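Student: Hi! Could you walk me through this one? I'd like to start with charges and rings.
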Amino acid sequence: MFKDWSKLLTTDCKVIGIKDKYVYPIFRNASTSLFRSQESVLVNEQIGLCEDIEIFIRDPMARFVSGLNEYSRSHKLEIMEAWQRVQDETLIDRHFAPQCMWLLHLYKYHRGTVTLRPFDSVKKFTNIHTKMFPGQKTMVPTIPRLVDVDYKLVELIGTQVKLSSIVEEFKNVLS
């Protein structure tokens, strides 16, 4: 796994309030739509005030493809060149880093529970549907070390769980 996750873990952590709930937006999981629907924002230490945070979990492979396409488009990089750099462990970005890495970031500030929701239930929180880039996504081969770990999160969809138990399960996988 990647040796240096620091650039992913040192950014501000944000949780947004929508419809009397707190939601943790993960890039490529409708985060732009959610941010456009926010009623309030909690940043870093403020997040400790939350008891439970809703998190939308997307199919790991679909998110990886979408994230790599977005990264390539925004950095004007050929998709297969970006894929190779990710494969060689010289490129990592929040758009395609494992969703469980995002949960580690949240854990810096939140010790309560999280409720993992299926990606398509985001419609219950926002009617805004923002497509960051229209058009066809280029399919790429899977990179198991970035995708497979999140299938364990998929198994937890529909549950409310202490974030610490998720972090405990995943911390060794990501090292």
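This is a predicted model: local features need pLDDT of at least 70, side-chain atom pairs count only at pLDDT 80 or more; totals for chains, interfaces and linings use all residues.

Student: Switching to charge pairs, how many salt bridges does the structure hold?
Tutor: The structure holds four salt bridges. One of them joins Glu54 to Lys21, with 3.9 Å between the closest N and O atoms. Glu54 lies in strand β4 (residues 52-57) and Lys21 in strand β2 (residues 21-23), so this pair ties together parts that are 33 residues apart in sequence.

Student: Is Glu54 buried or exposed?
Tutor: Glu54 is buried, with a relative accessible area of 2%. Lys21, at 38%, counts as partly exposed.

Student: What about Glu54 and Arg117, how far apart are the closest N and O atoms there?
Tutor: They are 2.6 Å apart, and the two residues form a salt bridge. Arg117 lies in strand β5 (residues 113-118) and Glu54 in strand β4, so the pair ties together parts 63 residues apart in sequence. Arg117 is partly exposed, at 28% relative accessibility.

Student: And which salt bridge does Arg73 form?
Tutor: Arg73 pairs with Glu70, the closest N and O atoms being 3.0 Å apart. These two are three residues apart in helix α3, so about one helical turn separates them. Glu70 counts as buried at 6% relative accessibility, while Arg73 is partly exposed at 41%.

Student: Which residues do salt bridges with shared partners join into one network?
Tutor: Lys21, Glu54 and Arg117.

Student: New topic: how many aromatic pairs are there?
Tutor: The count comes to five. Among them, Phe64 and Phe96 make an edge-to-face pair, 6.1 Å centre to centre with 85° between the planes. Phe64 is in helix α3 (residues 60-74) and Phe96 in the loop between α4 (79-87) and α5 (99-107), 32 residues apart. Phe64 is buried at 1% relative accessibility, and Phe96 is buried at 1%.

Student: Why is the Tyr71 and Phe96 pair called edge-to-face?
Tutor: The planes of Tyr71 and Phe96 are at 85°, with ring centres 6.0 Å apart, so the pair is edge-to-face. Planes over 60 degrees apart count that way. Tyr71 and Phe96 are both buried.

Student: Which rings form a cluster?
Tutor: Ring pairs link Tyr24, Phe27 and Trp102 into one.

Technical notes
Residues are numbered from 1 along each chain as its sequence is written. Side-chain values use heavy atoms; hydrogens and water are left out. Rings of Phe, Tyr and Trp (its six-membered ring) pair if their centres lie within 6.5 Å; planes under 30 degrees apart count as stacked, over 60 as edge-to-face and the rest as tilted. Helices (H or I, at least four residues) and strands (E, at least two) are DSSP runs, numbered from the N terminus. Buried means under 20% relative accessible area, exposed over 50%, partly exposed in between (1.4 Å probe, protein chains only). A salt bridge is a side-chain nitrogen of Lys or Arg within 4 Å of a carboxyl oxygen of Asp or Glu.
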